[in-house]
Every structure is written in structure tokens, then in C-alpha cells.
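Please look over the sequence and the structure shown here before reading on.

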Amino acid sequence: MESIWNKNINRPHLEALKGDIKTDVLIIGGGIAGILCAYMLRKKGIDCILVEAEHICGGVTQNTTAKITYQHGLEFDKLICKFGEEKTKLYLKSQIEALREFEKLCKNIDCDYETKSSYVYLLENPWLIEKELKALEKLGVNGLYAKELDVPLKILGAVGVGNQAEFNPLKFCFSLAKELPIYENTKVLELKPNFAKTENGRILAQKTIVATHFPFINKHGLYPLKMYQHRSYVIALENAQRVDGMYVDEDLKGMSFRMYGDKLLLGGGSHRTGKTGGSWAELEEFAKKNYPSAKIVSKWATQDCMTLDGLPYIGQYSKNTPNLYVATGFNKWGMTSSMVAAKLLTDLILGNESEYSSVYSPSRSMLTPQLVINVSESLKGILTPTAPRCSHLGCALKYNPQERSWDCSCHGSRFSENGKVIDNPATTDKNF
């Protein structure tokens, strides 16, 4: 099981940290968010290093569908209702700036970057189309309407935006990584103010960024209550009907479509991690019915951190940790949000004011209906009297027969059949 991005890729092999080192900023986590943070900090002349417990881009980044877009579902009408027009405009502005930064960077990087239109389609509730188009108009965006798309679905319409993009995330990240101070196979065992302990040395740092997908420090920030994880699946098809843009269902459990070269990337089968969902079987059945001549050449899965209110957490890790920062909760849209994180955190570390700080603040209100669901799910997992248990906070694990793993529905940790951590927030292997 390997993503299409891993095919014929020259993965760099970087040295592990050996001995003690001193830096201004320590970045923990070598996915696209961490790499972009390191790139932006170095660009501003800030001394930094990045450490990765295993290999860079070996987690969620290698399993993304890699759509670079500020259209994250039919969200803008919802955001205006929830936060008001002014805050929504700031969110949109930050995402547009991220998209343009990718456009600028990718001019000099061979990463299969292509400009595409992005569409969110609906299979029900067509009245949402008009509401979203009006919201886009309020925000100054030229929204597109499509009655039909080149997908084998009876859609009721779609809302689109032009001049978005797609690319190969590994080619992009590995190109940036060549010029950055990165240590692989360097797991942080202990983190204290201005100090991190690894297996083979210590890191003295004035400031630290946690870019580990799900934050691993539980005693600050309440992230186990503020987030849950959602799993989704992808298959790559040869000889399938091409699509001209990037398409995604308005429903979180729906399907997504994009091309990579001559291959159709079909995504879907989604569910909360640790729960039952469609998995690859749903996608394979859809492909067999609608693309009978197609052949599956790759398949993979990923998972995303979902926040309480639909916006990422980017900024100070908690009110009580002034020199500790975080980038997490990208809600399935990690490309532009990683770039937003890199630019925003660089500003904060430089001591500059950012108009986006309040939009993404990890310390904003937690009072949402999703909080009740997260608390309920955590209590259920803790009180379920079964073994094995998650090494994160002790919730019951559920066996996932499709992926042959043990998954936690509380916070999304996953373990292999022999107990090795696959996905965090768990950091300790289990002995099953």
C-alpha cells in the first residue's frame, strides 16, 4: 500500500542528530508544515533546525491528494454565519496568499504543478449553491456555477473557483529540504522550556514549533478535546475517464476526483478514525461500476485532524507556553493551511503583529457542539472495558480489518498488528 507520490521518487536520506546542538528555533515534525516553517524562517535569516522521528514526509504528507485551494468545501456561507464577514475575509485572504506563495515557489521547482479550477458538487440540498455563491460574492470572489461535471454522478450542481492548483507534494518538499537543516530518525523524548532531549543528544532552543500533525503534549492546550481525526481513502486508476478540474463532494463522506498525469485519483470511504466506514471497498465498487476498463495501480489512506469550529489551530501552543507554538487541525486541507502556518508562525517568532493571529488562535473559544461529541467519544473509549488500550490516554482500541491496524476513536492514534505506532498522538509502541 503506497501512494502515487511515492512511485519513482528519490527520497532523501538525512543524518540523525548526534550530540548536543543549539538553535534559535526548533521545529518538531518533518511533514509539509514543518518543512515550510523551516523554509520561511531561514528565508528571514532565523537560525532553526527541524527534527523528524523517522523520515520526512513519511506520514500524512505522503498520503495527501495534494490540492492547493482555498475552497475547502461549501464553507464560506457557514463561516460568515459563525464568525462574521470581517473574520471570514481575513481567513480567505490568508488562504489566497498561501495559494499565491505556492504558485511563486513552484515556478522554480519541478513538482508537476498545474493550475486547475476547483468545484464542490452536491448530491442533495441544492439550495446551498445559491447561499455559497452569495457568500463568495460578499467576499469579493468570482464564484463559478456548474450544472454538470465530468464525473459519473447525478449532481444537482456545483460551486467552483478558478485558478487553484494541484501538484506532487513529495517532489515539492524534497526539493525544499535540500537546503534546510533537517535531522531524520531524531525523536524528541522530552520537551521542556528551551530544552529538548533526543535519543542521541540535546537541543537548546529559544522557541519551539510543534508540527507533528496531532500535538503530542497533553498537559497544555487541551488538544485531545479540541480535535478528533477523520480517515479517508484513495485509489489511483489507469484508463479511467479524465476530469478537467478538482472535484469534491459537499458531504464529508463523499468522493473527490483529480488527475495526476494520466491517472484518476478517486478519494472517499471516509469515517472517524476508529469507526467503521466505506474504506477502499466503497471506492473499488464505484470504480468497477463506473470505470469498468480501469485498473487500480495504487491505493492508500490518510487521516486528518478536525477542529471544533472548522478552522486550524496556528499560533501559541497555549496561553501558558509563550515560547511554544503549534500548527495543527487542518481539516483535510493541509496544503494551503501549512503555508498559512509557516508565514504566520514566522511573523510571531519575529515579534511582528499578524492580522491573522486571532483567526487561527489555538486559545479561541471551545464552546461548540463538536466539543460535546469529542468529550462523549473520549469517555466512551476510556470506559469501554476491552483490551488492548491506546498508549496515549488509555482509550480502547478497535481492530481495523481493512488496514490490519488497531485504531483509537478517541483521538485517532493507530498501531500496527504488532503494536508499533503508525499515527499519533500516541508516541509509545504497545506490546500486544
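Predicted model: local features only at pLDDT ≥ 70, side-chain atom pairs only at ≥ 80, totals over all residues.

V248 belongs to strand β12, which covers residues 246–249, and β13 covers residues 256–260. The two strands run antiparallel and are joined by two bridges, while a hairpin of six residues leads from β12 to β13.

In a regular strand the side chains alternate between the two faces of the sheet. In β12, M246 and V248 point one way and Y247 and D249 point the other way, and all of these residues are buried. Strand β12 also pairs with strand β4, residues 114–122, in the parallel sense and over four bridges; here Y121 stands opposite D249.

A further strand to consider is β11, which spans residues 227–238 and is mostly covered, since 11 of its 12 residues are buried. Strand β11 pairs in the antiparallel sense with β15, residues 295–307, and also in the antiparallel sense with β14, residues 263–272. The bridge partner of M227 in β15 is T307, whereas I235 stands opposite L266 in β14.

The table lists pairings described in this report.

| Strands | Sense | Bridges |
|---|---|---|
| β4 and β12 | parallel | four bridges |
| β12 and β13 | antiparallel | two bridges |
| β11 and β15 | antiparallel | 12 bridges |
| β11 and β14 | antiparallel | seven bridges |
| β20 and β21 | antiparallel | two bridges |

Where β20, residues 414–416, pairs with β21, R414 stands opposite D423.

Is N331 buried or exposed? Because its relative accessibility is 12%, and buried means under 20%, N331 counts as buried. When its neighbours within four places in sequence are left aside, N331 is in contact with C305, M306, T307, G310, L311 and P312. One of these contacts, T307, is the residue already named as the bridge partner of M227 in β15.

Technical notes
Residues numbered from 1 in each chain as written. Heavy atoms only, no water. Buried < 20%, exposed > 50% of the residue type's maximum accessible area, 1.4 Å probe, protein only. Pairing = 2+ DSSP bridges. Contact = heavy atoms within 4.5 Å.
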